Amino acid sequence: MAFAPTASRQRSVAAGPAAAVVRSAPAAQGAALSQGSAPARRDWTRGLASLRQGDLDLAARCFERACRASPEVSLYWLNLANVQRRLHQEQAALASAQRAFTLDPTCRISCHLAVELLRGQQRHAQALVLLDALRADTARDTQHGLLHGAVLAALGRHQDAAGVFLQVLALQPGDHQAYLQLGFALAALRQFAEAAECFRTVAIIDPANFGAAVYAAHYAAWACDWQQTATDRQRLHSALARQRDGVPGQAFSPFCLLAMDDDAMLHRRAAQLEARRLTHEVRGQLGVQPGAPQRYRRQHRGLSSSLASHPLAARQLAGGRCRIGLMSADFRTHATGLLLVQTLENLDRERFEVFLYAHGDDDGTPLRQRIEAAADCFVDCSTMSLAAQAQRIQDDGVVVLIDMSGYTTGSRVQLMALRPAPVQALWLAYPGTLGADWVDYLIADPVITPVAHAADFDEHLAQLPLCYEPTDERREHPDTTASRSDVGLPEQGFVYACFNQSYKITEDVFARWCRILHRVPGSVLWLLVPQPAIQAALRGHAAAQGLVTDRLVFAPFVPITGHLARLPLADVFLDTFPYGAHTTCSDALWMGLPVLTQVGRSFASRVAASLLAAVGLPELAVDNAEDYEEIAVRLAQDDEALCSIRDHLWDNRRDLPLFDNQRFAAELGDLLLRMVQRWQDGLPPAALPAALPAALPAAAG
């Protein structure tokens with residue numbers, strides 16, 4: 001599916017752990033031994049010994065006694081906070097760290113630890129207050145700057161964050177983390193070319209840094225800066241070859257690779273790297289990784305047992321209805337929310353209960369209110385830790401947990417590594433594999449994920465009969481009252497349009513579009529590229545292709561009603577490749593605008609083909625660039641053929657299967673119960689192919 005502007009879609013690289021447990025520094029030990037009562041000092045010493053032996057429970061009890069005996073000693077509270085954090089007692093750890101910092105406002109370690117705990121609860125404003133409370137005469141190191149910048153970025157203060165990261169680089173010019181964080185801040189400011197240079201710097205200095213190489217190529221693509229594309233790709237593949245199996249690498253978003261090429265196996269390999277890192281991170285934080293000592297696993301009663309069994313889910317299912325949990329950062333006015341809402345309303349409540357776990361912002365819109373009303377239970381997880389959210393899901397007895405974010409902004413997909421539900425699936429928002437062994441199923445359809453492509457995915461393919469993307473029959477279908485001239489288009493001439501984001505526009509696709517414009521005199525290309533720098537880059541590329549630059553017309557971002565209303569002003573939507581239009585394609589078809597797409601191997605290149613099949617226009621999905629160009633030109637020259645297609649979409653909109661949500665919700669429910677039945681029968685997850693629908697609407701033309 002397509003998304004709103006995504007400059008900051010990628011996960012920011014964390015500043016790193018704020019503090020290690022204080023246990024051996026001579027100065028710290030000397031300070032502790034000179035403070036507090038003798039019993040407190042003895043308990044503190046015993047706590048350190050227990051910690052060295054790996055007994056966190058005993059260490060915590062010893063540090064608690066030390067704190068009770070001498071509550072004025074900051075170091076005791078700091079040690080207690082660190083152990084409580086490792087025991088995953090976040091609230092207690094935060095209180096202890098704050099107590100330690102209050103007692104000693106010059107201590108960076110306690111300050112940073114409290115800030116990290118607040119960040120884990122999404123309490124960024126409070127984290128900033130705490131950072132500012134560090135006493136002015138305390139030296140600020142690069143770690144402090146990185147943490148400060150990360151908090152500012154989380155608050156949306158990206159310009160301020162960029163300034164902080166530049167200060168860090170002034171002190172430490174070779175700091176890779178500062179370059180990475182600066183790159184994210186610049187990307188959020190939509191300075192994509194500059195962001196790409198930050199990531200290139202890291203990739204050149206550290207050739208094994210796969211994440212930096214990925215982001216360098218991705219943000220150059222956002223800028224439509226293709227001068228270094230070949231070098232960026234070579235650097236990316238070289239970094240990938242340097243990754244070692246079994247060794248977690250740097251954080252990055254595999255999403256960035258989806259628009260670069262059509263290599264589904266490359267996408268899978270990259271996803272596996274990130275899944276492995278996330279698994280190591282989240283299970284390591286909670287002490288539930290395979291082979292962990294039992295005393296660590298017992299500290300997380302629900303999460304550890306959930307790795308093997310799900311008695312609460314079984315009890316819930318025995319009650320007669322299957323409890324479905326969907327988690328997302330985008331239960332709001334966003335592509336996910338727009339597509340999903342009516343399916344939530346239409347799921348059969350005699351068979352299902354729907355629990356929503358929201359870890360994103362509440363935008364206060366009518367759509368958010370409608371989504372909340374459509375759920376049997378709506379849980380705001382925005383201030384929960386990963387473990388707390390996973391525990392809540394398990395305690396709720398969720399049988400099927402569906403992630404709707406994947407590797408996109410705000411995702412918490414890694415909590416699935418804790419196995420809070422017996423059946424876990426990926427659906428809708430992320431067009432590809434997660435590369436993880438903790439996701440059982442990927443929900444799609446026979447066009448997007450044919451059985452023959454199963455090797456491209458780590459999940460088992462669960463196919464809906466027609467199309468994996470739902471729609472909302474209640475959504476707006478506004479009248480088009482504006483004229484072409486009102487939106488900057490010529491009144492005469494053929495209008496090609498593409499409203500995909502600029503990172504999807506590759507050099508090859510743009511050259512293809514220019515050839516089409518050359519062959520159709522008087523035609524223009526209408527693009528959703530509001531940034532002046534990117535507009536200038538595309539005009540330069542058009543001029544290099546021999547086109548007068550006014551053949552390109554640029555559209556601004558507008559609210560959804562205005563966007564839908566302007567779509568019929570175009571004649572044909574030209575899709576990008578290999579990452580095509582998803583929700584954007586659905587919008588165009590809803591408003592009667594034909595979409596021409598090229599089908600590839602990857603998930604991201606096949607969604608428009610699925611949507612076109614579901615409206616009876618499979619002939620507009622071709623498998624090569626030559627046919628794409630020929631059809632684009634022919635539709636401009638054959639008014640009768642084009643009118644037939646447009647009339648088919650306009651006149652039959654209410655009858656087309658793509659826009660029949662009652663049908664979709666029933667088919668989704670049937671598929672979910674097939675997953676559940678395997679679990680009930682004691683069978684492992686397996687591919688769930690769909691029978692092709694009995695009939696599709698007749699193709700137009």
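Residues are numbered from 1 along each chain as its sequence is written, and side-chain values use heavy atoms, with hydrogens and water left out. Because the model is predicted, local features need pLDDT of at least 70 and side-chain atom pairs count only at pLDDT 80 or more, while totals for chains, interfaces and linings use all residues. Helices (H or I, at least four residues) and strands (E, at least two) are DSSP runs, numbered from the N terminus.

Start with helix H19, residues 366-374. Leu367, Arg368, Arg370, Ile371 and Ala374 of H19 are buried (under 20% relative accessible area, with exposed meaning over 50% and partly exposed in between; 1.4 Å probe, protein chains only). Viewed down the axis of H19, the buried residues fall within an arc of 160 degrees, so they line one face of the helix; the arc is that of the directions from the helix axis to the C-beta atoms. Pro366, Gln369 and Ala373, on the other side of H19, are exposed. The cover over the buried residues of H19 includes helix H18 (335-346), strand S2 (352-358) and strand S3 (377-380), where contact means heavy atoms within 4.5 Å.

Next comes strand S6, residues 441-444. From S6, Tyr441 and Ile443 point one way and Leu442 and Ala444 the other way, and all are buried. S6 runs parallel to strand S5 (residues 423-427), joined by 3 bridges, with Trp427 opposite Ile443 in S6. S6 is also parallel to strand S7 (residues 460-463), through 4 bridges, and here Tyr441 stands opposite His460 in S7. Two strands pair if DSSP finds at least two bridges between them.

Strand S9 (residues 524-527) pairs with S10 over 3 bridges, and Leu552 in S10 is the bridge partner of Leu525.

Axes are lines fitted to C-alpha atoms, for helices over the stretch in contact, and angles run from 0 to 180 degrees between N-to-C directions. The axes of helix H24 (residues 583-590) and H25 come within 9 Å and cross at roughly 25 degrees. H24 and H25 are therefore roughly parallel to each other, a term for angles under 35 degrees. Cys585, Ser586 and Leu589 in H24 meet Ala608, Leu611 and Leu612 in H25.

Terms used: Angles under 35 degrees count as roughly parallel, over 145 as roughly antiparallel, 65 to 115 as roughly perpendicular and the rest as oblique.
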